[in-house]
Amino acid sequence: FAACAGLVREAAHRSACLVFLPEGFDYIGSNTAQTLSLAEGLDGDLMGRYAELAKEYGVWLSLGGFHERGQDWPTTQRIYNCHVLLDPAGNIVATYRKTHLCDVELEGRVTMKESSFTNPGTEIVAPVSTPAGKLGLSICYDLRFPEISLALRHAGAEILTYPSAFTVPTGSAHWEVLLRARAIESQCYVVAAAQTGKNHEHRTSYGHALVVDPWGAVVAQCHEGTGLCYAEIDLDYLHRIRQEIPVHSHRRPDLYGTVAATGLAPVP
């Protein structure tokens, strides 16, 4: 919390209106038992502290992956990976629970089975209006599924978020190219806060937090280690790109259907 609070303070002093923290901003446990034991509800002490932080500095906070004990904790003994959006009054204005859980095994390098202790979310959340633009919420492994980004774009998103804790092998191979692809195909800004460095004795995160513009250019990127990068969201530029290359209106739902999430209204 001290590290994150310092970053929020620094960003607010630079007049940021919206600050993004990565997946596992609350903690990254060294084993499943520790991960489960440290989890809290959205009404717990830690989220209360972040609400106070948002109020103190007058910023929106994208809290990119909270280990949440949901209402079903007593029966499931599993948590949710929850992306929480706070407004400058400290109110929770949106919660998105990670729908794609990271179960991967790279022989001799990386083994992850998020589904062994995490419940998958059941819905995509409608984009939220913020001072920077309409924000679509995702988390980490969701990045590999373009359907969710297209559904959010269809519902009016102008900024897509992928707070992450990518491993080094997958990050070095896929991180930037996937983020740039999501930006280009959706014609959205993409903001990807990221864990960096050695989290504990069994895990090191790739880092390289970055922001991509709707043309696919990386416009901001963090150095190695804990820190911040800054980007301006230019919605006039975004809408000009969409007008010049109107891929959204060129789609052929008659051939391959429409990628849209249940309950999300399309935006022309």
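Trainee: Which elements do the buried residues of helix 3 pack against?

Mentor: The general idea first: contact means heavy atoms within 4.5 Å, and buried means under 20% relative accessible area, with exposed over 50% and partly exposed in between (1.4 Å probe, protein chains only). Here, the buried residues of helix 3 pack against helix 1 (2–13), strand 1, strand 2, strand 3 and strand 4. One caution: this is a predicted model, where local features need pLDDT of at least 70, side-chain atom pairs count only at pLDDT 80 or more, and totals for chains, interfaces and linings use all residues. Residues are numbered from 1 along each chain as its sequence is written, and side-chain values use heavy atoms, with hydrogens and water left out.

Trainee: Which residues of helix 3 are buried?

Mentor: In helix 3, the buried residues are Leu 46, Met 47, Tyr 50, Ala 51, Leu 53, Ala 54 and Tyr 57. They cover an arc of only 155° around the axis, which puts them on the same side of helix 3. The arc is that of the directions from the helix axis to the C-beta atoms. Asp 45 and Glu 56, on the other side of helix 3, are exposed.

Trainee: How many residues does helix 3 have, and how far does it reach?

Mentor: Helices (H or I, at least four residues) and strands (E, at least two) are DSSP runs, numbered from the N terminus. The expected span of a helix is 1.5 Å times one less than its number of residues. Helix 3 has 13 residues and reaches 19 Å from its first C-alpha to its last, close to the 18 Å expected. Just after helix 3 comes Gly 58, with a positive phi of about 65°.

Trainee: Now the sheets. What is the strand order in the open sheet of four strands?

Mentor: Two strands pair if DSSP finds at least two bridges between them. The order in this open sheet is 1-2-3-4, with mixed pairing. Strand 1 (18–21) and strand 4 (92–97) are at the edges with a single partner strand each, so one side of each is left without a neighbour in the sheet. The twist averages 20° from one strand to the next. Helix 3 (residues 45–57) packs on this sheet, touching strand 1, strand 2 (60–68), strand 3 and strand 4, and its direction makes about 175° with that of strand 2. For such angles, axes are lines fitted to C-alpha atoms, for helices over the stretch in contact, and angles run from 0 to 180 degrees between N-to-C directions.

Trainee: How many bridges join strand 3 to strand 4?

Mentor: Five bridges join strand 3 (residues 80–86) to strand 4, and the two run antiparallel. Leu 86 stands opposite Ile 92 in strand 4, and Val 84 has Thr 95 of strand 4 as its bridge partner. Their hairpin has five residues between the strands, and Gly 90 there takes a positive phi near 85°.

Trainee: What is the order in the open sheet of six strands?

Mentor: That order is 7-8-9-10-13-14, with mixed pairing. Strand 7 (128–130) and strand 14 (218–221) are the edge strands, each pairing on one side only. Strand 8 (residues 133–137) and strand 9 (residues 159–161) pair in the parallel sense over three bridges; the bridge partner of Gly 136 in strand 9 is Leu 160.

Trainee: Is Ser 138 buried or exposed?

Mentor: Ser 138 counts as buried, at 1% relative accessibility. Ser 138 lies in the loop between strand 8 and helix 5 (146–154). Not counting residues up to four places away in sequence, Ser 138 touches His 83, Tyr 96, Ile 148, Leu 152, Thr 161, Tyr 162 and Pro 163.
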